[in-house]
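Hello,

Here is the structure I promised to pass on. Please have a look at it, and then read my notes below.

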Amino acid sequence: MTDIDASAPTSNDLTAALRDVLDGRWAATRNVVRDLIDEESLVPRSGVSLDEYRALMLEQMAAMVPLGFPADGFRPEHGGSGDVGAAVTAIETLGYGDLSLMVKAGVQWGLFGGAVENLGTDRHHEKYVRGLIDLDVVGCFAMTETGHGSNVQALETTATYDAATGEFVIDSPSPSARKDYIGGAAEHAAYAAVFAQLITAGPGEEPTGRGVHCFVVPIRDADGADLPGVTTSDCGYKGGLPGVDNGRIMFDGVRIPREDLLNRYADVAADGTYSSPIESDNRRFFTMLGTLIRGRVTVGAAAGAAGRLGLALAVNYALVRRQFSAPGQDSELVLMDYRAHQRRLLPLVARAYAFGLAQNEVVAELHELQTADPSDVDPDAIRKLEVKAAAIKAGHTELASRAISEAREACGGAGYLDENRLSRLRGDIDVFTTFEGDNLILRQLVAKQLLTAYADDVSDLDAVGWIRFVASTVKDIALEKTAARQVVQTLLDDSDEDPENSELSHPGTQLRLLRNREDHLLRTAANRMRRAKDEDADAQEVFTSTQDHLIKVGDAHIERIVLEIVVDVIGKVTDTQTRTLLKRVRDLFVYSLLEDDLGWFLMHRHVSVERAKAIRRGVNELCGTLRPHAAELVGAFGVPAVALDVPMIEHR
């Protein structure tokens with residue numbers, strides 16, 4: 001491992017150089033939001049009632065409108081400014097402040113606004129977008145139901161078209177059809193983007209279910225009272241996010257104009273005739289959901305910011321908190337001088353760097369797709385981004401949850417005190433692993449897409465049909481490599497094809513280890529399905545029995561694509577000291593991943609016992625190498641000063 005020259009540029013210079021790499025394309029946006037957090041002290045509050053907290057969040061959202069970020073998420077022709085990357089980055093950076101504000105902003109401008117923007121047409125853009133940006137139209141995103149969350153296609157809420165009046169009638173046919181956990185529904189939202197089963201009939205036809213579609217439904221009047229047929233209720237206190245007014249909605253014969261069907265992908269004529277440019281019900285459904293990908297990207301990004309905040313608090317505390325003296329010395333050592341403490345925090349810092357860089361790439365790809373002319377967008381590019389977004393969301397939120405929990409424990413009693421924010425941060429971040437896609441479901445989604453390689457043949461298949469498709473095409477299963485990364489290919493060409501005989505700190509070796517693991521898992525998952533088919537096993541049982549395998553495929557894919565992005569980014573860094581430090585961060589990221597999964601690598605003979613021992617030693621050595629740069633590494637996160645202004649750090 002190459003030593004890092006700590007003599008050249010100053011610590012501040014190195015911190016700034018690292019921050020430039022982490023901040024990426026929308027660095028200016030990040031800085032504006034950082035300043036806003038500092039100036040307005042946008043950090044979690046204590047001793048505030050739910051009503052006061054919620055009202056404060058609405059006020060703080062209003063203060064964001066003049067900064068332009070809400071408008072960034074909408075196309076210029078719809079009344080916005082059309083900088084999707086800036087919109088996502090702004091909400092991400094709020095993760096350094098109060099996550100209640102981040103979620104409220106994300107629901108209004110990302111989820112509700114995204115549904116109107118991406119599922120609606122000109123009539124909806126003209127009617128809602130400007131007010132949506134300015135908060136004259138406050139809305140919520142009513143998808144999840146008490147009885148159905150991840151299985152959106154099975155939602156129970158109905159929207160039945162009445163040709164006699166030209167209206168849709170929205171109903172909750174059972175208690176399990178109640179819209180549940182909906183941010184904004186308890187108090188502030190006057191409108192809801194309601195996902196419901198569309199039922200209609202053309203002249204001479206029987207009423208037919210056309211699958212889940214989205215409708216804009218008014219739910220409150222100007223005084224905040226429920227409209228006729230609408231019953232809202234309050235979810236009350238939760239495990240965190242006290243400033244978010246999560247609520248429930250029931251509908252009883254609520255009538256809305258035919259024009260309030262968001263009709264980009266399907267429409268109902270005045271006489272009840274249904275039409276859609278997409279013939280397949282399944283393909284139409286997933287196309288509609290695919291346009292809402294921005295919410296998933298934003299959740300992963302904001303979780304990453306919160307995770308970096310937690311690590312910055314813990315590392316800064318570890319640099320001032322002393323415990324026990326070294327032999328022959330009078331002064332006690334700071335916590336960060338202990339190898340066990342380094343091992344506890346620094347690998348997570350390395351992962352935060354890796355996922356932060358990967359998140360930047362996802363945001364950039366989202367920006368390019370959602371600001372392009374829709375007629376120029378390749379459907380395959382959309383599907384690939386959906387898989388990448390699902391992968392990074394799952395990995396990033398999982399990392400944030402783990403990092404914040406570890407940070408809390410690493411700070412001992414101080415970390416448990418409300419005044420030091422880590423306990424509140426842990427409560428606020430907890431739900432990020434299950435909303436905008438439960439992480440277990442997302443990892444299976446990633447694996448399923450890899451196994452079918454985006455084949456159009458499976459767009460209409462249920463789980464049983466999907467299993468049979470994979471089983472019959474197993475010979476064609478192959479790991480799809482990340483698109484066109486010349487630096488990655490060069491490094492692979494430059495390394496030994498057998499990772500066991502190659503230097504472990506060589507990026508080509510690291511890439512091969514993670515690629516080989518993913519390829520092995522992908523092929524063996526497909527082979528398990530083929531064998532089950534040959535043995536005439538029940539396809540649903542096969543799916544259930546291979547779920548753990550699919551989740552493992554998803555995990556392996558996440559880690560492999562993150563490493564490829566990191567390698568690509570580091571290859572473009574020109575400053576020698578910055579690049580060298582980032583290489584050691586990359587090494588620690590990879591070594592810690594390998595150490596966490598050593599059982600698999602040993603069991604499947606992808607590494608020897610001696611190499612396994614070298615991996616464990618390597619984690620120790622890399623922690624020692626990075627220890628002198630701990631303050632610079634977390635300083636480069638750019639956490640606003642007010643967020644780090646806690647007694648456990650400042651009072652020493």
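**Salt bridges and packing**

Asp245 and Lys104 form a salt bridge, with their closest N and O atoms 2.8 Å apart. Please keep in mind as you read that this is a predicted model. The pair links distant parts of the chain: Asp245 sits in the loop between strand E7 (230-234) and E8, Lys104 belongs to helix H6 (residues 99-119), and 141 residues separate them. Are these two residues buried or exposed? Both Asp245 and Lys104 are buried.

A second salt bridge is formed by the side chains of Glu145 and Lys179, at 3.1 Å from N to O. Glu145 lies in the loop between strand E1 (139-142) and strand E2 (158-162), while Lys179 is in strand E4, so this pair ties together parts that are 34 residues apart in sequence. Glu145 has a relative accessible area of 1%, and because buried means under 20%, Glu145 counts as buried. Lys179 is buried too, at 0% relative accessibility.

Strand E4 (residues 179-183) may be worth a look in your viewer. Four of the five residues in E4 are buried, so the strand is mostly covered. E4 runs antiparallel to strand E8 (residues 246-251), and three bridges join the two. Which residue of E8 is the bridge partner of Ile182? That partner is Gly247.

Back to the charged pairs for a moment. Asp587 forms a salt bridge with Arg586, and their closest N and O atoms are 2.9 Å apart. Asp587 is buried at 0% relative accessibility, and Arg586 is buried with a relative accessible area of 5%. Elsewhere, salt bridges with shared partners join Asp23, Arg30, Arg34, Glu92 and Arg308 into one network. The count of salt bridges comes to 44.

Now for the helices. Helix H11 (residues 379-410) packs against helix H19 (residues 547-570) at an angle of about 100 degrees, and their axes are 9 Å apart. Since angles of 65 to 115 degrees count as roughly perpendicular, that makes H11 roughly perpendicular to H19. On the H11 side, the contact involves Val387, Lys388, Ala391, Ile392, Ala394 and Gly395; these meet His557, Ile558, Ile561 and Val562 in H19. What is the make-up of this contact in nonpolar, polar and charged residues? Seven are nonpolar, two are polar and one is charged.

Best wishes

Conventions:
Residues numbered from 1 in each chain as written. Predicted model: local features only at pLDDT ≥ 70, side-chain atom pairs only at ≥ 80, totals over all residues. Heavy atoms only, no water. Axes fitted to C-alpha atoms, helices over the stretch in contact; angles between N-to-C directions. Parallel < 35°, antiparallel > 145°, perpendicular 65-115°, else oblique. Contact = heavy atoms within 4.5 Å. Nonpolar A, V, L, I, M, F, W, Y, C, P; charged D, E, K, R; others polar. Buried < 20%, exposed > 50% of the residue type's maximum accessible area, 1.4 Å probe, protein only. Pairing = 2+ DSSP bridges. Salt bridge = Lys/Arg side-chain N within 4 Å of Asp/Glu carboxyl O.
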